[in-house]
Amino acid sequence: MNVEPHPIRTSTEQALAISIESMRAKLPGNAAVKKLREAAASSFFESGLPHRRIEEWKYTDLRALMRDVAPLASPPNPDAIKQAKKLDPFPELKLRRLVLVNGTFIPELSDLSALENGLTIVTLARALTNGHKLTHRIGELKSETYDAALALNTAFLNDGVLIEIAEGTQISQPIHIVHAFAEKAPAATYARSLVVVGANAKGTVVESFVGADGIAYQSNSATELQIGAEAQFDFVRLQAEGNAAIHLSTLLIDIGQNAKFSLNPITTGASIARFSVSLRFGGKNIEGCFAGANLLRAKQHADTTLVIDHAMPGCSSRELVKTVLDDDSRGIFQGRIVVKPDAQKTDARMATHALMLSDKAESINKPELEIFADDVQCGHGATSGALDENLLFYFLARGIPRKEAEALLIHSFVAESIEMILHDGLREALLERADDWLARRQS
Amino acid sequence: MPLLEVKNLHAEINGKKILNGLTLSVEPGRVHAIMGPNGSGKSTLSYILAGKKDYEVTSGSVSFLDRDLLALSPDERATLGLFLAFQYPLEIPGVTTMTFLRTAVNSVRKRRGESEFLTPDFLRLVREKAASLNIDPEMLKRAVNVGFSGGEKKRNEILQMALLEPKLCVLDETDSGLDIDALKIVAEGVNRLRSPNRSFIVITHYQRLLNHIVPDIVHVMAKGRIVKSGGVELAHELEAKGYAAFEQAA
């Protein structure tokens with residue numbers, strides 16, 4: 001890696017360093033947690049924000065993009081809580097809601113009642129003060145190289161949710177972690193969550209990010225996902241932040257043998273978004289699926305950077321990313337599949353497709369394969385293109401107006417990926433959301 | 001008053017002249033056949049009537065229902081009552097046939113000032129029309145034309161035609177790629193739609209189709225214009241003598 005440590009030097013980096021220093025003594029937690037924060041803080045002091053000469057951040061140069069630092073968000077007042085409630089992206093669905101507003105867990109919007117047997121949910125803030133056993137699991141999963149977003153998140157580690165689905169437990173109702181920002185002035189939030197899925201357990205978790213438009217807030221979240229052997233687990237993600245927000249998000253996943261896992265990230269929000277996923281196939285015969293969709297317009301910048309680590313033999317992974325780019329938007333997909341020497345019989349396929357609706361939109365697709373085993377099947381494909389004029393003519397010739405024809409074609413393009421969401425309610429709600437996005441384009 | 005009046009139409013694509021002064025008048029309720037060799041401009045004529053923008057009309061005029069057809073967008077033409085059955089119907093992955101049909105019919109009805117169909121009524125109507133064309137209802141749930149056989153694609157075109165209730169149907173080599181059974185089903189579907197208020201332009205290479213859809217008038221097209229018109233006997237003459245004589249005449 002061509003990471004060159006550089007001393008903290010930009011004003012943004014200085015402001016972040018001061019903010020870390022000022023919080024240092026105030027944040028709760030035992031010695032181990034404090035040590036974790038310290039380590040993250042010093043790595044940030046050492047390396048600062050990433051810039052374009054760091055390969056993983058080449059297209060999302062945070063040093064250039066993060067011009068200033070918003071103050072740390074305070075816990076929300078009742079008004080903000082009321083506002084946050086309206087931001088729930090799935091109000092009609094029967095989900096167990098765990099709601100963070102401005103990065104603080106809000107019990108009155110959340111449902112911690114009647115937890116099924118084998119399901120444990122605690123807030124990180126509470127766990128840090130009472131030394132809950134799940135706090136020891138935080139930080140077990142690490143990014144391969146220094147990651148500034150994760151380091152900052154860890155340095156401010158403070159609130160979020162910790163979930164454990166015990167061995168053999170099947171949770172019937174999906175858990176919905178909501179990250180809402182509901183202030184009228186910009187602020188920075190840091191949320192840290194952990195989901196531990198025991199062996200043979202089964203469940204669905206959806207994490208959503210929402211906030212008011214027009215406010216340049218900064219949302220930094222990190223979620224660790226540990227999936228046990230034989231488990232079946234689905235993780236859905238909706239990033240629908242406000243249109244002026246900077247969204248930095250890290251998802252670290254480790255999967256045990258024979259498990260089945262699917263990840264469906266949908267992106268429609270934020271001004272600048274960086275979603276970094278590290279997916280480690282840590283056991284044999286795992287089936288993993290990553291099916292994402294990005295709907296971007298105006299000057300939105302959305303970067304999805306995925307590293308899949310096939311460490312063990314006999315695993316299969318499928319990745320499909322569909323990105324629709326309108327106006328001056330910019331979509332980035334970097335996907336790296338690493339097949340370690342032991343990971344024989346790996347079957348990994350990655351496809352990324354971009355649909356450009358404007359001459360000014362930009363699509364960057366960077367698939368990479370690093371293969372160290374000799375008996376594997378790996379493939380990748382990337383396309384970028386406009387709507388097919390011949391197909392559009394077929395619609396027009398049937399009396400369908402152009403905008404409507406375009407909407408049908410765009411819908412079918414993204415639906416291919418959204419339809420891979422296994423949970424019926426979430427799939428339908430997200431398809432509808434895609435249609436809402438299209439309807440805004442038509443009006 | 002003719003339904004369609006094409007006058008001295010000249011058109012080209014990428015600087016290549018395809019139509020060279022084509023004149024054609026279609027009265028309501030009439031079935032016209034246009035026959036001609038490959039490259040004579042038959043498909044170009046159908047695309048220009050439907051409004052495909054790859055072609056440039058350099059001179060001449062087309063009026064349809066007394067409107068300047070060339071000034072209208074393709075969807076406005078379809079709304080007004082012009083229907084093109086494609087020679088090669090396109091495949092649309094991800095859009096089911098039913099959604100496609102419902103969107104088309106309702107947007108046309110809305111703009112014609114008619115009420116939109118409610119879903120149950122529409123489903124009933126489509127199933128009924130599909131059955132008369134031997135279309136498997138399962139096909140309606142599949143993406144438009146994806147994985148359809150040649151015959152299924154052409155029957156799907158006729159289904160769309162039946163649902164959109166056009167005033168002028170242009171059938172571009174609807175017989176190509178069809179075996180004799182499929183040809184009969186398609187021809188019967190077309191014949192059922194014949195009415196005093198609906199006209200047809202049947203473009204074909206071979207006389208075979210015209211045994212099943214019997215035209216009122218037959219035109220021979222060569223080198224971008226109509227070189228001879230006559231009754232159905234002209235089609236027989238063509239089948240016997242071939243196009244060569246007409247091409248020389250053009």
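1. Let's start with Phe86(B): at 3% relative accessibility it counts as buried (buried is under 20% relative accessible area, exposed over 50%, partly exposed in between, with a 1.4 Å probe and protein chains only). Keep in mind that this is a predicted model, where local features need pLDDT of at least 70, side-chain atom pairs count only at pLDDT 80 or more, and totals for chains, interfaces and linings use all residues. Residues are numbered from 1 along each chain as its sequence is written, chains are lettered from A in the order in which they are written, and side-chain values use heavy atoms, without hydrogens and water.

2. Now the rings. Over all chains there are eleven aromatic pairs (rings of Phe, Tyr and Trp, the latter by its six-membered ring, with centres within 6.5 Å; planes under 30 degrees apart are stacked, over 60 edge-to-face, the rest tilted). Phe181(A) and Tyr217(A) are a stacked pair, because their centres are 4.1 Å apart and their planes at 10°. Phe181(A) is buried at 2% relative accessibility, and Tyr217(A) is buried at 0%.

3. Back to Phe86(B): its ring pairs with Phe393(A) in a tilted arrangement, 5.8 Å centre to centre and 55° between the planes. This pair crosses between chains. Phe393(A) is buried too, with a relative accessible area of 5%.

4. Which residues do ring pairs link into a cluster? They are Phe393(A), Tyr394(A), Phe395(A), Tyr47(B), Tyr55(B), Phe86(B) and Phe100(B).

Definitions and conventions:
Helix = DSSP H or I, 4+ residues; strand = E, 2+ residues; numbered from the N terminus.
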